[in-house]
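Dear colleague,

Please find below the structure that I am handing over to you. My notes on its salt bridges, pocket, cavity and surface follow it.

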Amino acid sequence: MFIKLGVVAVLCALTSLASHYGRAVFHDGIRPIMPEYYQGRMKRAEMSSVAFGLSAGFIVSVGFAFTLSSNLLNPWLLFLPTDILGVVAPYSWLAAVLGAGWGIGVTAFFGALNTLFKLMPVNMLDALGALSSPVIAGFALFPVLAIFSQFGWKKGAITLVLELIARQLAALKIITVGGTPIYAEALEMFIGVLMLIIFAISKDMGAKDKASGENIFEANTRRIFNSLPLLMVIGGLVALISNMKWFAGSEVDFQLLSQIYATGNKGQLISVAAADFVRGLAFLPLIVTTSLASGVYGVVGLTFVYPVGYWLAPMLFGEGFFGHIMAFVLGALTILAEVSALRLVGVGLEKFPSIREASDNIRTSMNNVLEIALLVGSAMAVLNMNPPGVQGQNWLAFAIFASLYMINETLGRPIIRLASSPLAAIITGILVNIFYLIHLM
């Protein structure tokens, strides 16, 4: 526990410093505003207010809900607050102290909370494992929705048919790689993304006016490159805490990794890593363009350090001390490779505007699919929240869960849908325990 507190404290201290110096932030909406702050056109108090306003809701909803339901730290919980603390602090040493304090405090708090949940008579933690069941199966369909939105129903229908056929061929082990089975959802997702890229490039190949790739972002590219030592250490530490099974980086992997770590079924890691990699590709245009326009990078880079930490490093070097060290090294090298290729990627995105447009559709489709998958998974979870010795489905728990979800919808979604289902499931588990203790179950 002390090692975990120490590593997270150092990581949060560094991300707070990165924000303080205007070198990197986690929130994509804050990044374009940061030049106003580090160039002196916006006062610290104003920047702090903007950062807090953009981040507070995500910290309370996504950050808290995902960690409560998975017992894994996440970037919304760790790095959105350090975005704020970095610009709030007038001195660099204070930014580091505040960031380290947040890392220690939040890690200790959720560790104690998880221990408390385990002592409850109705085992809600095991039940929450069902929350992840529909996620990968649903997530694999996001390219279909993106193609429907951008290229019309005919291309979308073709992609859907191809995805489902590929999925079943892999599931039935008709398609293999050297006799090794392919994970069905990973192949399904690959086919969908490949079709999306083909449609986007085909559309742009006929365009006459292509961007020249002029060097309008050279100064900002140099600024990011000069930040490499700090960014590489942060990237290495993010890969390290992912490798040590303390951290989940995305809305795709948080519950799936929690379930894999609980059951020891490491074979599923490749599917989760594939989903995380595709998610990173979807966010690449947004992060690259805002970075080149502002000179401020993302504290987790293009997010590829997540699967590098929890999948690639243990696959190549195994687990244990050496595996942890190599996870740090690979994470740092991943950031180095990203920043080195940043300008080249930016030029490529200028030449293929349909890919940039596709990234917006992809993110929207991802959110829509994940909202539905987490809603279904949360409903499945609460149905399994039974008192000791009771079998069957707990319809009282479902009624509580459905009421909480609908109340949030009726109130105009103060908690975003992505987080409202897991949070409602957690609250339901607590209420079920209370009902059991007062003999109403």
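Arg-31 and Asp-28 form a salt bridge, with their closest N and O atoms 2.9 Å apart; the term denotes a side-chain nitrogen of Lys or Arg within 4 Å of a carboxyl oxygen of Asp or Glu. Arg-31 counts as buried, at 1% relative accessibility, whereas Asp-28 counts as partly exposed at 22%. Here buried means under 20% relative accessible area, exposed over 50%, and partly exposed in between, with a 1.4 Å probe and protein chains only.

Please note that this is a predicted model, in which local features need pLDDT of at least 70 and side-chain atom pairs count only at pLDDT 80 or more, while totals for chains, interfaces and linings use all residues. Residues are numbered from 1 along each chain as its sequence is written, and side-chain values use heavy atoms, with hydrogens and water left out.

In total, the structure holds eleven salt bridges. Arg-41 is exposed, at 51% relative accessibility, and Glu-36 is partly exposed, at 31%.

A further salt bridge joins Glu-188 to Arg-167, the closest N and O atoms being 3.6 Å apart. Glu-188 belongs to helix α10 (residues 184-205) and Arg-167 to helix α9 (residues 153-171), so this pair ties together parts that are 21 residues apart in sequence. Helices are DSSP runs (H or I, at least four residues), numbered from the N terminus. Glu-188 counts as buried at 2% relative accessibility, and Arg-167 as partly exposed at 23%. Both residues also take part, with Glu-185, in a network of salt bridges.

Turning to the open space, the largest pocket holds about 510 Å³. On a 1 Å grid over the protein atoms alone, a pocket is an open set of points with protein on both sides within 12 Å along at least five of seven lines, a cavity is a set of points where a 1.4 Å probe fits but cannot get out, and lining residues have an atom within 4 Å of a point. Grid points are joined across faces, edges and corners, and a volume is the space filled by probe spheres set on the points.

The lining of the largest pocket comprises 26 residues, of which Asp-28, Phe-58, Trp-76, Arg-279 and Phe-283 lie nearest its centre. Two or more lining residues come from each of α3 (44-70), α4 (75-88), α14 (269-294) and α18 (353-383). By class, the lining divides into 14 nonpolar, seven polar and five charged residues. Ala, Val, Leu, Ile, Met, Phe, Trp, Tyr, Cys and Pro count as nonpolar, Asp, Glu, Lys and Arg as charged, and the others, Gly among them, as polar.

There is one cavity of 30 Å³ or more, and the largest cavity holds about 50 Å³ of space. Thr-67, Leu-68, Asn-71, Phe-110, Leu-113, Asn-114 and Phe-117 line this cavity. Of the elements involved, α3 and α5 (92-118) each supply at least two lining residues, and α5 gives the most, with four. The lining has four nonpolar, three polar and no charged residues.

Lastly, Val-329 is located in helix α16 (residues 321-340) and is partly exposed, with a relative accessible area of 31%.

With kind regards
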